[in-house]
There are 2 protein chains.
Amino acid sequence: MRDVAATAGVSLKTVSRVVNRERGVAPDTSVRVTDAIERLGFHRNDLARSLRPGQKTSTVGLVIGDVGNPFFSGIARAVEQVARDEGYMVIAGSTHEDAQHEKELVATLCMRRVDGILLVPAGRDHRYLLAELAAGTAVVFIDRPPGGIEADAVVVDNVSGARRAVEHLLASGHRRIGLLGDSTSVFTAAQRTLGYRAALAGAGIAVDERLLRIGPHDAADAHAAARELLALPDPPTAVFAVNNRMSLGALRALRDPGRRVALVGFDDFELADMLATPITVIAHDPAAMGGAAAELLFRRLAGDTGPPRQVVLPTRLVTRGSGEIPP
Amino acid sequence: MRDVAATAGVSLKTVSRVVNRERGVAPDTSVRVTDAIERLGFHRNDLARSLRPGQKTSTVGLVIGDVGNPFFSGIARAVEQVARDEGYMVIAGSTHEDAQHEKELVATLCMRRVDGILLVPAGRDHRYLLAELAAGTAVVFIDRPPGGIEADAVVVDNVSGARRAVEHLLASGHRRIGLLGDSTSVFTAAQRTLGYRAALAGAGIAVDERLLRIGPHDAADAHAAARELLALPDPPTAVFAVNNRMSLGALRALRDPGRRVALVGFDDFELADMLATPITVIAHDPAAMGGAAAELLFRRLAGDTGPPRQVVLPTRLVTRGSGEIPP
DNA sequence: TTGAAAGCGCTAACAT
DNA sequence: ATGTTAGCGCTTTCAA
C-alpha cells in the first residue's frame with residue numbers, strides 16, 4: 001500500500017480511501033491511485049485490515065462431520081450460499097465425529113478470529129466455548145444441540161421422525177423390526193433410537209435387544225451389521241436405519257432377491273427413488289438446516305442479542321416401496 | 001497477550017516464547033504464564049501473527065465448482081485431509097462454473113493472504129493470476145488445466161476415457177449414440193465430447209449432430225435433453241453422458257421400462273451399482289485428484305521450485321449393465 | 001533467561 | 001480534498 005502511495009504520489013490514507021471507496025477523493029487523484037494499484041498488482045491485505053479493533057474478519061467457521069458425506073455437504077452448500085450473499089468467506093473443517101478434533105478445530109477458528117462459528121458438534125460438552133461466547137464470537141449449533149451451555153441451534157425433530165418410521169412399519173404388520181443404529185455418541189442416532197423404542201412401546205411390543213445393532217459408523221460397518229441381523233435364527237422382517245450411511249449399508253445387505261425385508265431410512269438421499277426397490281425414507285432438508293443456521297448466525301452478527309433460539313425442523317415420511325414390503 | 005504478560009508479571013516476549021513453545025524459558029516462569037493464559041482464556045491471534053513478513057498464514061484456498069456436487073466434495077475431502085496433516089486450514093468457495101466468480105474468489109483468497117490456492121477453474125484465461133504467482137502464491141489447478149499461464153495441474157485423461165466409453169458402446173453394435181454434453185465452457189465436457197467424436201471417427205461413423213445435446217448443465221436440464229433425444233424420429237440406441245449430472249438426468253429419462261437404451265456415463269457415483277439397471281461408467285478418483293493436487297501444492301510451499309508439473313490420472317471402464325444393453 | 005523497541009499493513013481520529 | 005499520527009497483536013532483532 002505504501003508502494004502504491006509512492007507511485008501515485010499521494011499519502012497512505014488517500015490510497016486507503018480509494019481502496020475502500022470512501023468518498024471525498026478528487027476524481028483525478030482517484031484515477032492516479034487506481035492506475036498505480038493496477039500497475040503494481042496490489043491487493044489490500046485483509047488480515048492487517050481486520051487487525052484494527054472493532055473490525056470484522058468477514059469470515060465464518062464451519063465445523064461439520066465430513067465434507068464427503070452428502071448430508072454435510074448439503075449443509076455446507078447452503079451455508080456457503082448465505083455467507084456469500086453477506087460478503088463472508090467460509091473456513092471449513094471436518095471432525096469425523098471426534099470430540100477432541102471438534103475442540104481443536106474450534107480453537108483454530110478462534111485463533112483465525114472468525115466472526116462466527118457454525119458447528120455440527122461431535123462432542124456433548126461445549127463449556128469450552130464459554131470464553132469465546134463471552135468474547136463475542138457468535139456460535140450456532142447445527143443438527144445437534146449444545147451441551148452445558150446455552151446457544152442457538154437448528155435441529156431436526158429426530159424422535160418423532162424415527163417414531164413415525166417405525167410406526168409405518170408396524171402399520172404394515174411388522175413385529176420384528178431391526179435397528180441399524182450408528183454410534184451412540186452421535187446425538188441424532190441416539191435420539192432416533194429413542195424414537196424407535198417409543199414406537200414399539202406405543203404398540204405394546206417389547207424391544208428385542210438382539211435386533212438392535214448399535215455401533216456401526218460407516219456404510220461398510222452397517223453392511224456387516226445388517227448381514228448379522230439377517231443371519232439371526234429369527235431375523236427381523238423390517239429394518240429401520242437411523243441415517244444415510246446406515247441405509248446404504250442396509251441396502252447392500254438386503255438386495256438379495258430371495259428375501260424381502262422392508263427398510264425405512266432416516267435421511268433422504270440422491271437416487272433413493274431410482275433403486276431396484278425405491279427406498280422409503282424419513283426426509284428432511286439439510287440445506288434448509290444449513291441455511292437457517294447461517295441466517296441465525298448473521299442475525300447475531302448484525303447485533304441481535306435476544307435469548308438463545310432453538311429451531312426444530314420437521315421431517316416427512318416419503319413412501320417409495322421399500323417401507324411397504326409386508327412381513 | 002499484553003494482559004497475559006501483565007497478569008503473569010513478565011514481558012510480552014516471554015509470553016510469546018511460551019505460546020510458541022520456544023526454548024529458553026525458565027520452567028517456573030513458563031508455568032506462571034501458562035496459568036495466566038488459562039485464567040484469561042487467551043488465544044493467540046493468528047491474524048496478527050501472520051502479519052509479520054516471512055510468516056505463513058497456514059491457510060490454503062480451495063476453489064471448486066459446487067460443494068453440493070459429490071465430485072467436488074470428494075476433492076474437498078481429500079484436500080482437507082492433506083491440509084490437516086500439514087497443519088493448514090482450508091478456505092473454500094464455489095464458482096458455480098462462472099469465470100467472473102472464480103476471479104472474485106481468487107482475489108478474496110489473495111486478500112486473505114492464503115499461502116496457496118487449489119483451483120478447479122471455471123474460466124479459460126488465468127493471466128490474472130500472474131501477479132499472484134510472481135508474489136509467491138502457489139497455485140495448483142485441479143481437473144482442468146490453466147489457460148494463458150504455466151502452472152501445476154492434476155487432470156484426468158478425458159479424451160481417451162470418453163473414447164473408451166463410446167468404443168465400448170460401438171463394440172456392442174450401437175451406431176446411433178447420443179451425447180449429453182454439458183456446457184461447452186466446461187473444459188472437461190468439451191474434452192470428453194472430443195473423445196466421443198474421435199471414437200466415432202475411428203469407427204468410420206459420421207457424427208449425427210442431431211444426437212448431440214450440448215448445453216444442459218444440471219441434472220434437470222440433462223433430463224429434458226435426454227427426453228428430447230428419445231423423442232427424435234430416429235432416436236439413439238445408446239447415450240454417452242459426459243459427467244455425473246448428465247448421467248443422473250439421463251437415468252431418469254431412460255428408466256421407462258418399455259425401451260432399453262444403453263448408457264455409459266463419465267464419473268462414477270454412489271449407488272451406480274445398486275440401481276435397477278446398474279450403470280456402466282468411466283470411473284476415476286476425485287479424491288486421488290484432490291489429494292495429488294494438495295500434495296503438489298504443499299511440495300511447492302515447502303520450497304520446490306521445479307518447472308510446472310502436469311499430472312494426468314487414468315480412467316477405467318466399469319461395466320455394470322447399462323452399457324451392455326444391445327441396440 | 002528475560003526484556004525493550006521497532007515494525008508488519010492497515011484504518012480511525014484528528015489535523016491541514 | 002488530502003495528510004499525519006497512533007496503534008491493532010504479534011514477532012524479530014538486539015541488548016541486558
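User: What should I know before I start?

Analyst: This is a predicted model, where local features need pLDDT of at least 70 and side-chain atom pairs count only at pLDDT 80 or more, while totals for chains, interfaces and linings use all residues. Residues are numbered from 1 along each chain as its sequence is written, with chains lettered from A and ligands numbered from 1 in the order in which they are written.

User: Which residues cover the two faces of β2(B)?

Analyst: B:Met89, B:Ile91 and B:Gly93 are buried on one side, and B:Val90, B:Ala92 and B:Ser94 on the other. In a regular strand, side chains alternate between the two faces of the sheet.

User: What makes β1 (residues 59-64) of chain B and β2(B) a pair?

Analyst: Pairing takes at least two DSSP bridges between two strands. These two have six and run parallel, so they pair by that rule. B:Leu62, for one, stands opposite B:Ala92.

User: What joins β2 (residues 89-94) of chain A to β2(B)?

Analyst: Three bridges, with the strands antiparallel. A:Ala92 sits opposite B:Val90 there.

User: How many residues surround DNA strand D?

Analyst: There are 24, with B:Met1 and B:Asn45 among the closest. Near means a C-beta atom, placed from the backbone, within 6 Å.

Methods
A residue is buried if 20 or more other C-beta atoms lie within 10 Å of its own, exposed if 12 or fewer, and partly exposed in between; C-beta atoms are placed from the backbone. Helices (H or I, at least four residues) and strands (E, at least two) are DSSP runs, numbered from the N terminus.
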